[in-house]
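Keep the 3D view open as you read.

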Amino acid sequence: MNAPGLLDAPLRLGYAVATNPAKGHSAMTDRSLLILPGDGIGPEVMAEVRKVIDWFGTRGISFDVSEDLVGGCAYDAHGTPLTDATMAKAQEVDAVLLGAVGGPKYDVLDFSVKPERGLLRLRKEMDLYANLRPAQCFDALADFSSLKKDVVAGLDIMIIRELTSGVYFGEPRGIFKEGNERVGINTQRYTESEIARVARSAFELARKRGNKVCSMEKANVMESGVLWRDVVQEIHDAEYPDVELSHMYADAGAMQLTRWPKQFDVIVTDNLFGDLLSDLAAMLTGSLGMLPSASLGAPMENGRPKALYEPVHGSAPDIAGQGRANPIACILSFAMALRYSFDLGAEAERLEHAVNAVLADGVRTADLMGPEGGAPVSTATMGDAIVAKLAASV
Ligand code: NAD
């Protein structure tokens, strides 16, 4: 990949991203951002994003930033991983930027108050049904993948995972007594409209990229998969006949992703398979520390989509507090916010170019060190280097 535009064209999920200030706001302050650093390395990587936001501020692109708690730290402070007040704030802002939640300290908590419930509540109540996970291989990191260089060099795929339904939310769920043993139950459930809206997101996005969608499910063994395949095909035939559509069983998709990932452009799949396949795709590009994501919902009154941006990685308790975390996934998540929430595609590209340039200079956090070794830089040094490249780009 030569130019690291995670998505070169702004995404329109069937609606327009507002380019004009919403009513009642001035152009300068018409960009509200709620930052939720969360737990573990979350606050460390988010501190580097704050440097980037500050830099854009010096260039006249400012954001109305507020910060709050989510996850384990919110549980420590309030006894819940997400307060109603924070939830309400998330509904009001243009975009939420989240670090990561969780940690071993919270493993003993009841499921209902685990840190991850805060994140699930945000996704559910904001109705963020389309989770966009790009897997792109930066030139400087092509050697770093666990696959051969020619398999990953130039890779640029987008996985769209349905995020608000499926087996993570279906009822009944729970652990029940059946005779003299326990049975664990989760329910895979999809309505036609839930499938249709995420399919539309995939087709819209494909039109701005390579014009190809591969839909993945398990129609061979699951009725929900049969419906998924039918609805995706129907939406395609009725509204997007110009887009090339293929269907693949999700297990075969996993194989194909490792065999020859460049055959794909946009992959659309359900919540569970998307969770697995996007992590698999993640490793094609090297490190979890490089992977951003966007979760988008329906447009708000000002035309901007409900939106939550977050790195794919978790709170990495094994390295938390040591200044070893790679902040790039979180910084690239902010780049996605620039593009999808604020229609600042040129600024997003500038930020992505700055990341690419820093990597090309050989600057590496510990997770990006190859077998040849070298001296890794700290989280803060990586953030500073990216800001310096941004400054050098004007
Ligand atoms: P993880 O992503 O936190 O870490 C997996 C491995 O990748 C670790 O070795 C970690 O050090 C490394 N890693 C992750 N991000 C990195 C970065 N930016 N820079 C350098 N190295 C990085 O996954 P896990 O260990 O399975 O989970 C840890 C905690 O995070 C758990 O409590 C889990 O529930 C939670 N989690 C949260 C989210 C989220 O907030 N979205 C996602 C996944 C896991």
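Ala 316 is found in the loop between strand 12 (305–311) and helix 10; helices (H or I, at least four residues) and strands (E, at least two) are DSSP runs, numbered from the N terminus. Its phi is near 40°, a positive value in a residue other than glycine. Asp 343, in the loop between helix 10 and helix 11 (345–360), isn't a glycine either, yet has a positive phi of about 55°.

Over in strand 6 (residues 170–178) you'll find Pro 172. A cis peptide bond, with omega about 0°, links Glu 171 to Pro 172. For background, most residues other than glycine have a negative phi, and most peptide bonds are trans.

## About the model

This is a predicted model, where local features need pLDDT of at least 70, side-chain atom pairs count only at pLDDT 80 or more, and totals for chains, interfaces and linings use all residues. Residues are numbered from 1 along each chain as its sequence is written, and side-chain values use heavy atoms, leaving out hydrogens and water.

## The core

A nonpolar core is a set of buried Ala, Val, Leu, Ile, Met, Phe, Trp, Tyr and Cys residues joined through side-chain atoms within 4.5 Å; buried means under 20% relative accessible area, with a 1.4 Å probe and protein chains only. The largest one has 72 residues, and Phe 56, Phe 63, Tyr 309, Phe 334 and Leu 351 have the most contacts inside it. Helix 10 (residues 328–340) gives the most to this core, with ten residues.

Technical notes
Buried means under 20% relative accessible area, exposed over 50%, partly exposed in between (1.4 Å probe, protein chains only).
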